[in-house]
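The exercises below are meant to be worked through with the sequence and the 3D view side by side. Try each task before reading the solution that follows it.

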Amino acid sequence: MMFCYNQRSCYQQALNVFVEMQKSTLQPNSITMMEVLLSCSNLGCLKEGKSVHGTIIRNTLEPNFYFLGPALINFYADFGRLRDCKTVFSIIQEKSLIVWNSLIAVYAYKGISNEALMLFVKMQSQGLMPDSFTLVSSLSACGHIRFIHLGSQIHSHIVKTGISHEFVHNSLIDMYSKSGFMNSAYELFKSIQSRSVVTWNTMIRGFSDNGDSVEAINFFDHMYLKSLEMDRVTFLSAIQACSSLGFIERAKWIHNKLITYGSEKDFYIDTALCDMYAKCGDLQMARTVFDSMSERSVVSCSAMIAGYGFHGEIKDAVFIFSQMVDMGIKPNDVTFMNILSACSHGGYVETGLAYFNSMINDFGIEPKSEHFSCMVDLLSRAGDLNSAYHIIKSMPFPADSSIWRALLNGCRIHKRMDMINRIKELFEHPVF
């Protein structure tokens with residue numbers, strides 16, 4: 001019963017069955033506890049799950065933790081408690097391949113790639129051979145840190161052992177793409193006889209992420225012309241590639257194909273469309289998509305603010321920012337980067353200063369180099385070079401070249417040779 005409820009995402013009902021079971025004379029086994037942990041994880045019940053963990057230990061339900069070890073690791077991972085994952089892993093005396101796979105996958109998924117790969121190497125040193133699931137997680141970790149040396153070694157192992165699972169080959173393509181080796185990714189793609197939509201999507205995203213948006217769109221065109229299966233990820237990747245190109249006619253063509261293909265309305269696709277139209281300069285269409293969204297996020301709002309700011313529509317950018325705050329959407333560092341950039345381009349000095357202070361005082365966001373650069377550029381353009389210089393001196397880290405360049409540009413515009421000489425002297429005689 002619990003398994004059936006969990007399969008249908010009825011997690012509370014599954015827990016209710018467990019509660020009723022405890023009132024009877026029936027004793028839970030390891031399979032029962034696995035289902036309970038799954039229910040607790042999906043319901044966000046950390047306290048209850050930890051209680052289940054205690055019950056497992058007290059009742060010695062599974063001394064070797066063959067099934068419950070991976071279940072507990074996945075449970076704690078869902079709550080971001082990686083230290084508890086490692087603790088569970090460490091107390092298992094005889095670690096099966098499933099146990100190793102669980103922690104490697106957790107580390108890879110959470111972006112702790114070095115730890116994942118160290119486990120991968122350690123597992124093999126203890127005589128265990130990786131299976132397809134191990135390889136997929138390890139390839140993901142290699143791609144994340146661009147560790148092409150180990151990634152290519154894994155590729156050689158896959159060839160030698162004759163592993164032909166599609167999801168392994170897709171992971172290889174993804175690893176080469178993220179590592180910047182698109183030629184290797186393409187050669188592997190060509191060698192695959194039966195290519196799924198996931199394989200095509202991985203290539204499109206790879207080309208787009210590596211700055212070859214034209215090739216990404218070419219792959220999308222080929223899929224469409226050959227009537228190959230396409231899904232929301234295909235369109236999402238194509239839209240993102242088109243955003244980089246800035247070709248408005250191609251943007252409209254992709255949007256039209258999305259509609260004719262019959263794809264359901266999707267939050268992520270709408271956000272990407274909004275960003276695409278904004279970057280292509282069709283602010284009216286971007287706003288139409290934005291206004292039609294039943295749900296908005298900090299990403300979609302930030303995209304609109306960036307679009308308005310880049311094209312000089314500062315009042316509209318300010319309006320969207322105010323609207324998102326009123327809706328309870330908390331701006332992030334990218335949002336403030338976009339609104340400060342808009343203020344800088346439009347010469348809105350007081351407004352820009354107010355946003356900069358609000359970012360720190362109201363939203364607790366620490367300014368990054370890009371935020372300081374915007375403020376220095378804003379004040380320098382307006383001729384308030386002393387305030388711009390004061391901001392540079394008050395930064396908690398050394399100013400980079402873009403910040404000094406913004407100040408020097410303002411000095412040239414406003415003919416402040418005294419400030420230029422001061423900066424020159426600062427670099428000739430630095431104070432450490």
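**Exercise 1.** Does Cys 142 count as buried or exposed, and what is its relative accessibility?

*Solution.* Keep in mind throughout that this is a predicted model. The cut-off for a buried residue is a relative accessible area under 20%. The relative accessibility of Cys 142 is 0%, so Cys 142 counts as buried. For Cys 374 the relative accessible area is 8%, and therefore Cys 374 is buried too. As for pairing, a search of the whole structure gives zero disulfides, and Cys 374 has its nearest cysteine sulfur, that of Cys 343, 9.1 Å away.

**Exercise 2.** Work out what span helix α13 (residues 197-209) should have, and then find how far its residues are enclosed.

*Solution.* Begin with the length: at 1.5 Å a residue, the 13 residues of α13 should span 18 Å, and the end C-alpha atoms are 18 Å apart, which agrees. Next consider burial: 10 of the 13 residues are buried, so α13 is largely enclosed by the rest of the structure. Among these buried residues are Trp 200, Met 203, Ile 204 and Phe 207. The elements that cover them include α11 (166-178), α12 (182-191), α14 (213-225) and α15 (232-245). Finally, look just after the helix, where Gly 211 takes a positive phi of about 85°.

**Exercise 3.** Which residues of α16 are buried, and how are they arranged around the helix axis?

*Solution.* The buried residues of α16 are Ala 251, Ile 254, His 255, Lys 257 and Leu 258. Seen down the axis, they fall within an arc of 160°, so they line one face of the helix. These residues pack against α14, α15, α17 (267-280) and α18 (283-292), whereas the face turned away from the buried side carries the exposed residues Glu 249, Ile 259 and Thr 260. The helix is followed by Gly 262, whose phi is positive, near 85°.

**Exercise 4.** Where is Arg 146 placed, and where is Ser 227 placed?

*Solution.* Arg 146 lies in the loop between α9 (132-144) and α10 (148-161), and although Arg 146 is not a glycine, its phi is positive, about 55°. Ser 227 belongs to the loop between α14 and α15; its phi, near 55°, is likewise a positive value in a residue other than glycine. With a relative accessible area of 66%, Ser 227 is exposed, the cut-off for an exposed residue being over 50%.

Terms used. Residues numbered from 1 in each chain as written. Predicted model: local features only at pLDDT ≥ 70, side-chain atom pairs only at ≥ 80, totals over all residues. Heavy atoms only, no water. Helix = DSSP H or I, 4+ residues; strand = E, 2+ residues; numbered from the N terminus. Expected span 1.5 Å × (residues − 1). Buried < 20%, exposed > 50% of the residue type's maximum accessible area, 1.4 Å probe, protein only. Contact = heavy atoms within 4.5 Å. Disulfide = S-S within 2.5 Å. Arc of directions from axis to C-beta.
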